[in-house]
Every structure is written in C-alpha cells, then in structure tokens.
Amino acid sequence: MSLLSVKCKLIPNASTADKLSRTVDQFANACNYALRVARQENVWNKFALQKLVYRELRERFGLSANLAVRAIARVGKRKGHKAGGFKATSVDYDQRILSVNVKDEAVSLSTVDGRVRVPMRIAGYQRHLLRSAKSIQGGQLVS
C-alpha cells in the first residue's frame, strides 16, 4: 500500500474562512493544553492521555469528538521531546471528519462551528490523483 499526498487549495467564503481560522486556533490551544497535562502526569500514550483530557478538550475548546482525538494523537506523537508548544498553523483530519467530493471539487470539514463545505481549486494533475485514489484517509488543513 502506498500513501500519496495531494495539495489542494481551498476557496472559502468569508464566513467559512472565519470558522476554519477559529478551528485552527482552538485545535492549537487544545494541543497545548493536552501537552501541559501530558508533561504534568508524564503520560505520552495517546489512549492514557485521552482518558485524562478528552472531556476537557471537548468542553473547553469546542472540538468535535474526532478533532479532540486528533489533537491528543498529535501530542502523543511528540512524546515530550523538545515540544515547546503548538502554534496555530494546521489541523489534522481523518476520514470521519473530512470528506472530498471530487466530482463537485469540494471538501467537507468539521469545525468548532459545525461542518462546512469548501470549494477546492485544483488542476488536472490533482483531479486525476483524487479521482484515481482508492480512498482518502485524511488530510491536514494548513492556514
């Protein structure tokens, strides 16, 4: 099995762009909170960390269930090695909180304000790769 990354430009309207920006900010805040707890408790296993912070990430930062799990997984990958903190630059998405409609050239993403549908600007190469993909397992929203 091979993994292929396809970079696509999203074209959100002003309201959607605001929702995406708030999601990026809250995701980074949630990661930083989970990192503080992980350091205090010296817990780096994502399942053990999830028991400690999951509910707080949902309530305090307004993340959906899967966004909270993705934030915890991001912290768990770091394992505390020189992790100075997380900046509001990106959000990890998996197949439950991201869907791509290649025909309509749009993506649907979970945000802290609910799900949004965002048009994509893609060229022939990206279109070909997306149409020929057996599945889309996830993605990363980069601000």
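Predicted model: local features only at pLDDT ≥ 70, side-chain atom pairs only at ≥ 80, totals over all residues.
View 1. Residues are numbered from 1 along each chain as its sequence is written, and side-chain values use heavy atoms, with hydrogens and water left out. The axes of α1 and α3 cross at roughly 50 degrees and come within 9 Å; axes here are lines fitted to C-alpha atoms, for helices over the stretch in contact, with angles running from 0 to 180 degrees between N-to-C directions. The crossing of α1 past α3 is right-handed, meaning the near helix is turned clockwise from the far one by less than a right angle. On the α1 side, Thr23, Phe27, Ala30, Cys31, Ala34, Leu35 and Ala38 meet Leu67, Arg70, Ala71, Arg74 and Val75 of α3 (contact means heavy atoms within 4.5 Å).

View 2. Helices are DSSP runs of H or I with at least four residues, strands are runs of E with at least two, and both are numbered from the N terminus. Threonine 23 counts as buried because its relative accessibility is 0% (buried is under 20% relative accessible area, exposed over 50%, partly exposed in between, with a 1.4 Å probe and protein chains only). A polar atom of its side chain lies 2.8 Å from the backbone oxygen of lysine 19. Leaving aside residues up to four places away in sequence, threonine 23 touches Leu67, Val91, Tyr93, Ser110, Thr111 and Val112.

**View 3. Here's the largest nonpolar core, with 36 residues.** Such a core is a set of buried Ala, Val, Leu, Ile, Met, Phe, Trp, Tyr and Cys residues joined through side-chain atoms within 4.5 Å. Leu49, Val53, Leu57, Val75 and Tyr93 have the most contacts inside it. Two or more residues each come from α1, α2 (46-61), α3 (65-78), β2 (90-94), β4 (106-111) and β5 (114-121). The largest share, ten residues, is down to α1. Look around leucine 49 and you'll find Ala34, Val37, Ala38, Val43, Ile72 and Val75 touching it, not counting residues up to four places away in sequence.

**View 4. Glycine 62 turns up in the loop between α2 and α3.** Its relative accessible area is 34%, so glycine 62 is partly exposed. Beyond residues up to four places away in sequence, glycine 62 touches Leu57 and Val112. Leucine 49 is 13 residues from glycine 62 in sequence, and their C-alpha atoms are 18 Å apart in space.

Key:
Polar contact = N/O pair within 3.5 Å; in protein donor to acceptor, adjacent residues only side chain to side chain.
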